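Subject: Structure handover

Hello,

Here is the structure I promised you. Please open it next to this email and follow along.

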Amino acid sequence: MSLFNIGEKAYVMLENGRVFEGYSFGAKGTSFGEIVFTTSMTAYEETLTDPSYFGQIVTQTFPLIGNYGVNDSDYESKGSAVSGYIVREWCNAPSNFRCEGNIDDFLKRHGIIGIHSIDTRCLTRIIREHGVMNGVITTENVYEKKDEFLKKIKEFSIVKAVASVTCKEIEEYKAENPLYNVVLFDFGYKYNIRRELVKRGCNVTVVPANTTPEKIKELAPDGIMLSNGPGNPAENVEIIENLKELIKLKIPTFGICLGHQLMALANGAKTEKLKYGHRGANQPVVDVRLDKTFVTSQNHGYAVISDSVPAEVGEVSHRNANDGTCEGVRYKQFPCFTVQFHPEACGGPLDTAYLFDEFIDMIKADKEAE
């Protein structure tokens, strides 16, 4: 059996006018977004259900996608926030004992437009050389609407990203033998963050992104988790102001990805947009304190500017071994550390799961000091 069906024509057009022709799978229609790439060889389910990809058209650099099917229990959120999906080949005959369906049906179910049989290596090289750019993925004839599409591409921007993916009300998850209560801010969190906390004996209360410091006081948590999420961190002015007040409570806090960036902004640091970001499961990160390099899973287009972290407030704890960008901060005036990468990654490397244990130890030390 063929690895993929040819199907109807589909197109990807970049903001510079470059067109890639391929074939459709998943949903039909037209979608605009920021075109990015991920180098992960596996975990396409986690990629498709990661809310951090909100507003983005995702390109998989690994050439064959879908060979082990899909499984609802591997989702990282309730649905999918991606704006489109680009692959070289998709497999219509998945084989895995956990398989519950195929990727084509998944995309159709979630209304995601997919395209296959294009040169994903060429597309990736364009993004690496010129930087992330807007584009359109469509099953319409792109040549007949080229001027209209180019206008919309240039007008497109990702807005209200966190507000679009956060939960609308408080959700509670209980541990079997609870030791601590942790509030998890949902900026677009991946379910495995919650799973890692519950596994370590934490009752987890998931709260909407704009939850006030007053409400957090009422919940009286032993610890606070700041989750990953999409978009430009600096746009979240209300959340940053809330974090400035939360800091005063001196509750043990752990931030991941967007949570890392927001905490840095709340402490006077600055962020910047990277040329093409870090997305994949093979990013080397140096833990400065341990003097060890770990392989990490990452998905971000912005980074904290290392030199902007006030010395009296915190210090850079982790650095990207490839480009030297900030991958973590430890704070000096209150119990908090944050990282840019994903220690909860699943699938992906499990090298940095120890950070969840450090968070639990921080909570334990804080409780014993009371």
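Below is what turned up, part by part.

One caution before the details: this is a predicted model.

**Helix H4**

Start with helix H4, residues 146-155. Which of its residues are buried? They are Phe149, Leu150 and Ile153. Viewed down the axis of H4, these buried residues fall within an arc of 100°, so they line one face of the helix. The face away from the buried side carries Asp147, Lys151 and Glu155, which are exposed.

The side chains of Lys152 and Glu148 meet at 3.3 Å, N to O. Lys152 is partly exposed, at 38% relative accessible area. Glu148 is partly exposed too, at 38%.

**Other salt bridges**

The count for the structure comes to 20 salt bridges. Here are some others to look at.

- Glu140 and Lys145: their side chains meet at 2.4 Å, N to O. Glu140 is partly exposed, with 28% relative accessibility. Lys145 is partly exposed as well, at 29%.
- Lys248 and Glu245: this bridge spans 3.2 Å, N to O. Lys248 is exposed, at 58% relative accessibility. Glu245 is partly exposed, at 38%.

**Aromatic rings**

How many aromatic pairs does a search of the whole structure find? It finds 13. Take Phe254 and Phe359. Their ring centres are 5.7 Å apart and their planes lie at 50°, so this pair is tilted. Phe254 belongs to strand E14 (residues 253-256) and Phe359 to helix H10 (residues 354-368), so the pair ties together parts that are 105 residues apart in sequence. Are these two residues buried or exposed? Both Phe254 and Phe359 are buried. They are also members of an aromatic cluster, which Phe254, Phe337, Phe356 and Phe359 form together.

**Met225**

Stay with those phenylalanines and look at Met225. Met225 sits in strand E13 (residues 223-226). Its relative accessible area is 0%, so Met225 counts as buried. What does Met225 touch, leaving aside residues up to four places away in sequence? The list includes Phe254, Phe356 and Phe359. Val182, Val183, Leu184 and Phe185 are on it as well. Ile193, Leu197 and Ile256 complete it. Met225 and Phe254 are 29 residues apart along the chain, and their C-alpha atoms are separated by 5.0 Å.

**Charges over rings**

Two further sites are worth a look on screen. Lys9 lies over the face of Tyr23, 5.4 Å from the ring centre. At Tyr173, the charged end of Arg194 sits over the ring, 4.0 Å from its centre.

That is the handover. Send any questions my way.

Best wishes

Definitions and conventions
Residues numbered from 1 in each chain as written. Predicted model: local features only at pLDDT ≥ 70, side-chain atom pairs only at ≥ 80, totals over all residues. Heavy atoms only, no water. Buried < 20%, exposed > 50% of the residue type's maximum accessible area, 1.4 Å probe, protein only. Helix = DSSP H or I, 4+ residues; strand = E, 2+ residues; numbered from the N terminus. Arc of directions from axis to C-beta. Salt bridge = Lys/Arg side-chain N within 4 Å of Asp/Glu carboxyl O. Phe/Tyr/Trp six-rings, centres within 6.5 Å; stacked < 30°, edge-to-face > 60°. Lys NZ or Arg CZ within 6 Å of the ring centre and 35° of its normal. Contact = heavy atoms within 4.5 Å.
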